[in-house]
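Visitor: I would like a close look at a single part of this model, with the whole chain as background.

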Amino acid sequence: MIIIDHYLDVQYRLLREDFIIPLRDGINELRKFGDSDAKHRFENVKVYYDVKVLFPKADDKGVLHRVHFSIENCRNIRWQNTKRLLFGNLLCFSSDMFQKEVLFATVADRKPEDLEIGNLTVAFVCDDEGEENLISDEESDEVAVGAEGKIRIRHQTAGQQDGDCLIAVIPLALIRDFPANPRDRKPGNARSLIDLNKMYTMVETDAYFEAYRHVLVGLRDTVSLPLARYIVSCETDMLAPEYLRPGTSSRVKYDFSSVTGKVTRVDVLSDQWPSCDELRLNQSQAEGLKLALTHELAILQGPPGTGKTHVGLEIMKILLTNKAIWSRLRVDVGNASSSCPILVVCYTNHALDQFLEGIAKFASKESVIIRVGGRCQNVVTKKFSLSEIRQERRRNAYGPQGSKATRTAIWNLRDEMKDLQHDISSNVDQLEASGHVIQKLHNLQIGIKFRQQFQDACYPHGEYGNNVIVCITTRVKSNLDKELLSWLGLKAKTSGYHPVLSPVVYRGEIHSLQPNTLWCLRMLGHSDGDIGKAFYEIEEDNIKTLHAHISDLKEEFIQDNNATDEEDGTEEADMVQQHRMLDTDGFRRIRLMKNNQDAMKHLMEQMGAMTFDDIRNNDVLQEDRYGWKQTSSAKYKSKQAIRKQLRKTSIMSEEEESSVRDIYELPREERWRLYRTWVNRWREQFLVASNSQIIEYNRLAAQLAQLRRLEDAEILQGADVVAVTTTGAAKYRDLIYKLKSKIVVVEEAAEVLEAHIITAMPKSTQHLILIGDHQQLRPSPTVYELAKKFHLDTSLFERLMKVQIPHVTLNIQHRMRPEIADLIRPRIYRDLQDHESVLHCDKVTGVTKPVFFISHDVHEEHLKDGTTKQNLHEVSFMTALCDYLLKQGYEPEQITILVMYTGQLFAFRNTMPQMLRPGVRVTAVDNFQGEENDIILLSLVRSNDKASIGFLATENRICVALSRAKLALYCIGNMDLLSAKSSMWRQILGHLENADSVGKSLTLQCKNHPDRLTAVKTALDFRNVPEGGCGQQCHMRLECGHVCRRLCHPDDHSKNVCTNPCEKTLECGHKCPRPCYARCTPCVEMVTKRLRCGHEQKVRCGALLFRVSCKTEVEGNANSHVSEYD
């Protein structure tokens, strides 16, 4: 037991550090630099400044919050495809640069169009589940609860003073607002620290918080570990699964008829097994099948193309056929009786769908298969998804009595939440709208003294005397609103809400400039108004900058250089989100309360004296008080100036406000501070009103989540197979544990962190089957040092193989032609053999060799916002090669372009002609594991003077990249660099050189003229084979008798059209003027013919005379001379 506890403790600490180290180091780096260098590039985290929590939003899972961050340093980010701010990413908020305060949230909803303007929806993480702080008491971490009830965690290392201590951020503890007294911990209390008036700094880490969180909690709560004698003690004396061990009854016999095709009863624990031919498997596959069915921990390694998924499906087929044996013991759950389903775990959604699709082909109609996981795009397996089955049960109202009661409780609770949601929204809408307008004066809670000053300024002639206006008419309100805008330095246009700073205020801006700056600008001929306007807009005391800005304004420079590039490449970001998001995360988008746009606009017009959104929507050039036209750039800057003021957090204290005697004597910044004080007072009434509602709403949302889990548990109880991703297994750990599964099958086991597998195993596990290949992709820890020093990148699959736990390695591949397989044997797979089906592959059309590596020395490019790279030379070459192969007659679906970096993926998406995109898949190597295609075009990207090849040195990735092709593999990269930095690439290069399959240029071969060869080194060289053949004329005789006028082309002439002139003679005797491929039409030759009226006229030869109008003028009534109507 002590050994197991130590094992779990090690797994726990390593996984926790893998999550914490980047966040801790990033926050320490931020604390070191502060906001003094906003352009500093942080290595471990992404930092967003001037973050403000705008308002709460009610969602089915609780209250979310809308936040806004400054996009000043994010203008070059391509939000369409970046992996920033993905669903589930952890965010840390602090208003004091992480000195004492920190709040935690996760990304709840991601819309690129919102991110482009700095808006994001987050879920602040609370301790509603009562989880304890996941930090060991043995560590030198100090956990202190401050007077404000905030938990602060500091990490003290040797030699550090208290003032230099590092914040050890423990996301699982979440450093939430725990009151010092546990009795004071109430639902919703953790969110009480969210201050809508504060300006925060936001830090993001890429790690998927939910996966770490649930796995760590699972490790913490694990008391006993199934199959510990193998997993922990590494014993090699393997036993049979407990449900197969001989008891008082006779030995167990399995029905193998589903595999052999005939009635076959097999004593699986004996040596009397069907032959390989009867099992329809090769020798290694048959051994793997026997091992998997007879060992309580089975490891099956499948190199590329050896059929490990096929063997896995055969295992499932036999187990499902004999489920009466392994599910003999039934478990009572409440009033219902439940079987113990097989639990299938896969790393990716694609692998899960692929495996389930195979099961669906042989599963009986009575078999119940349920898929729990992310987005299901597979038509076959979609019907198995938990969400689909749940909806079907709700529609048809079937299931046990307990299920019906649960559904009724859910409906009643949702109705109650909907009513409360409506009440919250009325307050939230006011808060949301207030962020887009300058409030009307009569809405603000200002003192009588200030209101009187506005009235006096608005009516200086005493129209209303010295008393405050009590009965305010619409006209009076409008005038007071205009006065408020004027007081703030804004001028309301009569044609709409377009802010223009008044000349007086512009001239007043010059007093903030340095005297030398002002003198120089005046000497350059600029007026005080010009100088003040420029300084107001850019707020920079720099002679050169101000002079350039004033010149731009006067020249009506209309260009907004703040636009961001957009790309359509969303695969990488989408894949990550699909892998993370689960059924309950809503692939019907998170159902935020979306107000009707017209209603929101109407609300803003009601409460606002001015909205700066109107500036963006009005493109008409207008003149300001200087006679300058407001260009698009000027409008943008005006809007930004107002937005900046509205989003500032500084306000006046009560003492400062009471000390103000004359609001018109205040400087501009102080006026805005006072205005924000009034707005803040106005907003507080809505926040106070919403607070109790939010607490109640969160309580109901927690109840709803529990009821949904209960409903899902009732559904899963009747399943024969429950399939789940590793992320789903972590999140739904409590549900899965209740299933009492005896058999766990893990596909892609070599890609999964060890901690994820041991927490996915229920305590009832008696049989664990691991299928994978550790020589392909391995687990990917966040922290490189943990992988190298503590082998965190070693999966349970690989570790058990290395300690000689009994296993079987499949050794006959059915995918690659021998020339391709030779790239990975014997360097990676010593005993890999070729099946006879791959020994006689077709010759590749148009290229002399089926395998070739094009070497070059064109340098890569480093992209902004990340470490990704692109190489446009490789993009252009591979695009041209892809086009050439399509002209050889290959279908787009037969070609896949693989890239080693996501930056290259987006480069391909942007440069490939539209005609090539449909059908031709472009994807990253890591996303193509387990898949194959006839032709693979591989772009390696790396080429530089720094002799850096990054993860191209990783043998596992090399193995995956080189083993996806069945018929042909063409690779482009800097082979000299790769071979110099990697022994693996050096061996591959040696093999390629011996086979004459590497060089600076690829040799193309004309299909029609095999002796005509064309060497292509760059994309431009493909111009020498424009039609896909060679440079000769075709000269083939077409069916029509003409000679083909095209250059040599590999495709036949059945789809060609002859463009030669038609040689047919029409009935009239004239030659047909149309091209040969076109249908002959009536003759268009102009000839003289006599019309029915008797006049002669030039008409088309084939024209019908009764349709021709005579153009001859006749004396008298012209209308009487008509041959016929036209």
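Visitor: What does the accessible surface of the protein chain come to, and how much of it belongs to carbon and sulfur atoms? Then please take strand S23 (residues 767-772) in detail.

Guide: This is a predicted model, in which local features need pLDDT of at least 70 and side-chain atom pairs count only at pLDDT 80 or more, while totals for chains, interfaces and linings use all residues. Residues are numbered from 1 along each chain as its sequence is written, and side-chain values use heavy atoms, with hydrogens and water left out.

The accessible surface of the protein chain is about 51,800 Å², 49% of it belonging to carbon and sulfur atoms (Shrake-Rupley method, 1.4 Å probe; for residues, only the protein chains shown count as cover). Of the 1126 residues, 54% are buried (under 20% relative accessible area; exposed is over 50%, partly exposed in between; 1.4 Å probe, protein chains only). The chain has 36 helices and 38 strands, which are DSSP runs numbered from the N terminus (helices H or I, at least four residues; strands E, at least two).

In S23, six of the six residues are buried, so the strand is largely enclosed by the rest of the structure. His767, Ile769 and Ile771 point one way, and Leu768, Leu770 and Gly772 the other.

Strands pair if DSSP finds at least two bridges between them. Strand S12 (residues 297-301) runs parallel to S23, joined by five bridges; Leu297 has Leu768 as its bridge partner. Strand S22 (residues 743-746) is also parallel to S23, over four bridges, and Val746 is partnered with Leu770.

S22, helix H28 (residues 754-760) and S23 form a right-handed β-α-β unit: with the strands pointing away from the viewer, the path from the first strand over the helix to the second runs clockwise.
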